[in-house]
Amino acid sequence: MGMLMGIIMLLLLNFWLKWELRLWFMLIFSFMSLKYLNIDCSGVSEFYFSLDKVSMILVLLSFWTSSLMLLSSYKSVKSINNKVSFFSFCVLLLCFVVIVFFLVENLIMFYLFFEVSLIPTLLLILSWGYQPERLQAGMYMMLYTVSASLPLLLCLLLWGYQEGSYSMDLIKLLFINDISLYWVIGLLLAFLVKLPIYFFHLWLPKAHVEAPISGSMILASVLLKLGGYGIMRFMGLFKFLGGSHMVLLVVICLWGGLLTSVICVGQSDMKSLIAYSSIGHMGVMLAGMISGFIIGWEGAILMMVCHGLCSSGLFCLGNLIYEKINSRSLFLCGGMINYNPMMSLLMFLLCICNMGAPPFINLVSEIMLYISMYMYSLYLLFFVLMMVFMGGLYNLVFYVTVDHGQMMSFMKVLNVNKSNENLLLVLHIIPLLMFILNIGYISGIDF
């Protein structure tokens, strides 16, 4: 509660150093929220809020990413004085809305904050986006998300009217097992679009390509996790894992993940490549989650955290390259290792992290998800092997195209990274390396 009140105070702050204060306080809040990672498996309830290990690790991720958003936008917003106070207000408001979503225990509040998170994101895309097409990207995002979440609102209202309560803790005690396919579609459709899985993914590459760096970071890192967290919560409440329609959803997730991995290999736009790789990762995460095995649940939570940091770091990297050569096309890159070796090293680390290689925590999460899929069905091994291969391929193509080969003539006038740019990338990589020291934390999560 103290942290939420602190964020509200920062939102209302009117001080000439408010950008710096908001940045430092969000970093401090992220370190303060580390203490909540060792709360009991049953969680803690306080007023309308409920904290457990799943929500707290996502709150920590939200604080960390929000502070890095301000750090990444220093050149594009702060140094050229591009609506600085409004920008930091939007970032902080989005952080507040997302954190309340992870903590609320009332279903209507859950839906409300799920939807309200769209508004600051839309403001970020429309106010600081790159191209005139950002209006179309914002419209795509709003239409997809709002139209898919109307059935969710209807289902929640009907459910509350039928059971007489919107409290998640009370609904958990009802032991509902005979839930029909229409209820499953109504409850899950909004979260599937938010993830997004294949067939519902068209808004995501558009939103990423047109969004500023901060918008891409929060989209990849936190807003995609709203869908995964919502499905996790609803699976615990409504218990619809046993249905035969879940098999179809697993196949769609993995087939879509394979197709988007193939699309990634042919992409020439850096942001599109990273956005499509997010769709593939989220498909694998959802397939592991609905497999019904505890190793799949644990792997899904790990994947959410790892992908949040890794994908956000890759978008920062793409933005740094864009600021240097004013283009996101891979065809115009080459030989960056010759004049910017530090950035090439950090790019290599983020690329191998994205493909799930040691010593990063992504390796553990992918192994856990693949084990759960193998236990679910032997036939899914084909998808697993193909996705491992394609994941390695597009990440290596991305790295080799940018860093190796012949150096373009116009690149010789470019400057090397500043210290704040290196710090930004290092702050994405360090948690991914450090988290592997406490991998047993995930095993303590109770579902």
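**Close-up 1. Surroundings of Y399.** Apart from neighbours within four places in sequence, Y399 is in contact with I337, S344, M347, F348, C351 and H404; contact here means heavy atoms within 4.5 Å. Y399 is part of helix α19 (residues 381–403). Helices (H or I, at least four residues) are DSSP runs, numbered from the N terminus. With a relative accessible area of 10%, Y399 is buried, a label for values under 20%, whereas exposed means over 50% and partly exposed lies in between (1.4 Å probe, protein chains only). Y399 and I352 are 47 residues apart along the chain, and their C-alpha atoms are separated by 9.3 Å.

This is a predicted model, in which local features need pLDDT of at least 70 and side-chain atom pairs count only at pLDDT 80 or more, while totals for chains, interfaces and linings use all residues. Residues are numbered from 1 along each chain as its sequence is written, and side-chain values use heavy atoms, with hydrogens and water left out.

**Close-up 2. Surroundings of M246.** M246 belongs to helix α13 (residues 245–265) and counts as buried at 2% relative accessibility. Leaving aside neighbours within four places in sequence, the contacts of M246 are V184, L188, F240, L241, I290 and Y376. A separation of 41 Å lies between the C-alpha atoms of M246 and I8, which are 238 residues apart along the chain.

**Close-up 3. The packing of α3 and α12.** Helix α3 (residues 53–72) packs with helix α12 (residues 213–238) at an angle of about 170°, and their axes are 9 Å apart. That angle makes α3 roughly antiparallel to α12. Angles over 145 degrees count as roughly antiparallel, under 35 as roughly parallel, 65 to 115 as roughly perpendicular and the rest as oblique. The axes are lines fitted to C-alpha atoms, for helices over the stretch in contact, and angles run from 0 to 180 degrees between N-to-C directions. On the α3 side, V54, S55, L58, L61, S62, T65, S66, L68, M69 and S72 take part; they meet I213, S214, M217, I218, S221, V222, K225, Y229, M232 and R233 of α12. The residues of this contact divide into 11 nonpolar, 7 polar and 2 charged. Ala, Val, Leu, Ile, Met, Phe, Trp, Tyr, Cys and Pro count as nonpolar, Asp, Glu, Lys and Arg as charged, and the others, Gly among them, as polar.

**Close-up 4. The loop between α10 and α11.** P196 is found in the loop between α10 (181–194) and α11 (203–210). The peptide bond from L195 to P196 is cis, with omega near -15°. F199 lies in the loop between α10 and α11 as well. Phi of F199 is near 90°, a positive value in a residue other than glycine. F199 is exposed, with a relative accessible area of 55%.

**Close-up 5. Helix α11.** α11 is mostly covered, since 7 of its 8 residues are buried. The buried residues are W203, L204, P205, A207, H208, V209 and E210. They pack against α7, α8, α10, α12, α14 (270–289) and α15 (294–325).

**Close-up 6. The largest cavity.** A search of the whole structure finds 1 cavity of 30 Å³ or more. The largest cavity has a volume of about 40 Å³. On a 1 Å grid over the protein atoms alone, a cavity is a set of points where a 1.4 Å probe fits but cannot get out, a pocket is an open set with protein on both sides within 12 Å along at least five of seven lines, and lining residues have an atom within 4 Å of a point. Grid points are joined across faces, edges and corners, and a volume is the space filled by probe spheres set on the points. S117, L118, T121, M141, T145, K194, W203, L219 and L223 line the largest cavity. At least two lining residues come from each of α7 (118–128), α8 (134–163) and α12. By class, the lining has 5 nonpolar, 3 polar and 1 charged.

**Close-up 7. The largest pocket.** The largest pocket holds about 520 Å³ of space. It is lined by 20 residues, of which L34, L60, P431, M434 and F435 are the closest to its centre. α2 (18–32), α3, α15 and α20 (419–434) each supply at least two residues of the lining, and the largest share, 5 residues, comes from α20. The lining has 18 nonpolar, 2 polar and no charged residues.
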